[in-house]
Amino acid sequence: MASDLSSLLNSSRALNSHLSRPDLPSVNLSLDQIEAQSRRLVSRQPGASSDADRANYLLAQAHVDAPALANSIAHLNTSTTFSPLQPLQDTDVAGYLRHAHEQNLISTIEEGRRETQEHFYRLLEERSHKDWEAKKRRVFEELGGRATSDSKALAEMKKSFHGKAALAASTGPSLTLQMQSKMMAYDRAISELNAARSRGTSCPIIHLLMQAAASLNSEPSSQQMLQNFHHAGAHILNAPLFERKYARVYLGDSDSREAAALRTQIAKGSQEALEDQFWDIIERTIQSRPMEARLGGDPSVANKIRAFLLMRYYKNGQWEDRIELVAGQPLWAKLYYLVRTGHAQEALDEALKSQQAIEHREDSFMSHFRSWVESPERRLPKPHRDHLQTVYNAHMLHSASADPFKLALYKLMGKLEPSRRTVPQVTMTTEDWLWFQLAMVDEEEEGGLRGLTEVLLSYGERHFDGAKKGVWPGVLLMCGQFERKQKSRPFTLLSPLAYHGLLRVPSRAETSDISPLTLSPLSPPALSLPMLIWRYVRQFVKMDAKEALQYVYCVCLSADQGEGVGRENVETAWELVRRIIVLAHSGPAWEELVGGFRPDGTRFSGVIEQGAALLHLQNTAQYNEQILVRAARDSEENDRIPEAIKLYNLAGDYGTVISCLAQALGNTLAQPAGETEKGKIIERTAVEILRHYERTNRAVGKDRDAAVRLLRIREALNAKSSGRFDVVLEIMESTDLIPLDGDVAKITRKAEEFKDLHDALQRNLQVYLPLTMEALAAVHQSIKNSATAETTRQMTLTALRKKSRSLMVFAGILKYRMSPDVYSYLARLDVEIAL
């Protein structure tokens, strides 16, 4: 052994003997010597030892023994980290298995922890992104499509609509003419719905909306809308139409027999809608390629299906793989497509024509198929289904050559393997797949339509909208998930669904500020119809208030919903009506909305009052209180005083009308804006109302007297503007606000009674005192420079000085009510008059 090693050493040395240089000495060192020399070289490097010493010094100050830790790490043996604490014998099978089991548990726990952590962060990111998108969309909607950086504006969005900022933000951007015409097309249908509701008759609202969508068929979105109407129509149109027909069942116990029957009807209606849709595709396909279809002179349903199959599955002189020919034709595919397009009876007739050939291949098919077609529920007895299951398992399930359409027919008849939801070459499109699922639904098995819905929701929107956008809302609609179909506009399906009682509305406490959809694990989904309707109508509420009102009427459709939700929606509808009144422009259209008075003083009702029954307003008193009076208060808070006055007047609250008039007139006097158009409108309104009240002797009292005096002061101001100071003085004396007869006792009494005047008159003391003194000074100067007789002129000047002194005594007593500048101005004018 030693000789072998020696010879190996000599051979290795000989490998590089030709590279050796005689001028260099050979180095013969052991491994230990080489390691020692290496460490010595490293220690000579500059900074190496100093850095290590500095690090050890710093660690030592923190009570860390760095050399001891380094020594422990150097001698750490990691080879036994996952080894058993006690060595296992080679024959200890139980110990080995136990150790392996423990290691599997540890690995599983670690893998589960890692997956959970990754899933958590992924879900957190998706949820954050979703919440941000929802909040951003809400901000843009509330601000009418315009972003804002003002934090106050964002805060106002959370307040009631009463504030000015909220009202300004609650209206959307201006509409284009094209968009407005589209909206008005649907509005006519909604108006007809409300007219029928007022008459107490039924309304084919789905058909009306389909006609509106058809009139806009140039738009791609209108085609999708038309398809959704078709689906909805299959749910609810094939029966007598009555308002809230399905509400009791739909909103009641979901486990009741009636609820199950309703879900069956929904599934059947959706299935029929998909059948009609597919039949339309077949007919259009045949018409587009008549030469290839070779339809001939036979327009029967079976012949059209034959032509369609020929176009789809017959290529280059032969049928596609797995298409089984029976009696020379693809009979299984033909029968399936007849069933798929809703022509089950025609499918049975075709099968009977080839009964002998079918029975030669599938001896029991005809009897089962006949029973299935003739069954109203399309459901076979359990013994028949068990037999079909046996045949299916034995001859088709694992066969690579079985005709896929024959498999599909067997699955449909026996409702076989409902969890295996696809049939290759059959359920190729979303519509085909969904039709097949609906045809397999059985309320007595596999959860029925609710079970299918859970599966679809687990797939999610991305699964269906990958190839073609806009499919997901239709899928939800066909599965009866009307509330989750939240992307549609209110005029499309939400109002009709609410009309028929197929929409659940959340309570006010459950309604979100951002999303109209309310999802809770303890209750079914609910959709805030008022929120969606307002988001829609606020785009045109200023231009077409009456049309916006028609949609708001639909909010009250859910008035019969229990647990107080119905009452909350009625109150929300009242609030939206008041919002429309405040936002609508004043003028003839506004009066048409709320009503008004004719020139002869008689009152006429507006559109809102005419539709009070749709708003569940029981009588005129309730209409006045809930709509007119509260809308008047909102108008006041939003500085729309003329509209507020008219609303109070319409409500018959004459005292408030006069009080509001007095305050408004007082404000216009005290502010330079009194000469603006708004001030002139208030003045004209006051004149009309006061004239009418004086004729009918309404609202007699302090407020009316104050309004009359304030109007007179306004006349005096207008006279001053035109330079007619004698008229100013005459008007001011007629108001009896300022004692000018020189009687000190009367002046004192007037000053004491000042505190009992209306607040608007007290506030404007600094307006009409200088106005009167200026009139006295102007008339004094005019008389002084006139050419009248000296005696008459002196008497007139003396009278004017007496009035001036009376005014100054009065002003002196009320000096604390005015600023020093005003009093000084009065005193200066008084001195000029006295000279």
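Biologist: Is L69 buried, partly exposed or exposed?
Modeller: In this predicted model, L69 is found in helix α4, residues 66-74. Buried means under 20% relative accessible area and exposed means over 50%. L69 has 47% relative accessibility, so L69 counts as partly exposed.

Biologist: Where is R322 found, and what is its phi?
Modeller: R322 lies in the loop between β2 (318-319) and α15 (331-340). Its relative accessibility is 28%, so R322 counts as partly exposed. Most residues other than glycine have a negative phi. R322 is not a glycine, yet its phi is positive, at about 70°.

Biologist: Which loop holds H616, and what is the phi of H616?
Modeller: The loop between α30 (607-610) and α31 (620-637) holds H616. With a relative accessible area of 32%, H616 is partly exposed. H616 is a residue other than glycine with a positive phi, near 60°.

Biologist: How many cavities of 30 Å³ or more are there, and which element gives the most to the lining of the largest cavity?
Modeller: The count is 1 cavity of 30 Å³ or more, and about 150 Å³ of space lies in the largest cavity. Of its 13 lining residues, those closest to the centre are P418, M440, V441, D442 and E446. The element that gives the most, with 3 residues, is α22.

Biologist: By class, how many residues in the lining of the largest cavity are charged?
Modeller: Asp, Glu, Lys and Arg count as charged. The lining has 4 nonpolar and 3 polar residues, and its charged residues number 6.

Conventions
Residues are numbered from 1 along each chain as its sequence is written. This is a predicted model: local features need pLDDT of at least 70, side-chain atom pairs count only at pLDDT 80 or more; totals for chains, interfaces and linings use all residues. Side-chain values use heavy atoms; hydrogens and water are left out. On a 1 Å grid over the protein atoms alone, a cavity is a set of points where a 1.4 Å probe fits but cannot get out, and a pocket is an open set with protein on both sides within 12 Å along at least five of seven lines; lining residues have an atom within 4 Å of a point. Grid points are joined across faces, edges and corners, and a volume is the space filled by probe spheres set on the points. Helices (H or I, at least four residues) and strands (E, at least two) are DSSP runs, numbered from the N terminus. Buried means under 20% relative accessible area, exposed over 50%, partly exposed in between (1.4 Å probe, protein chains only).
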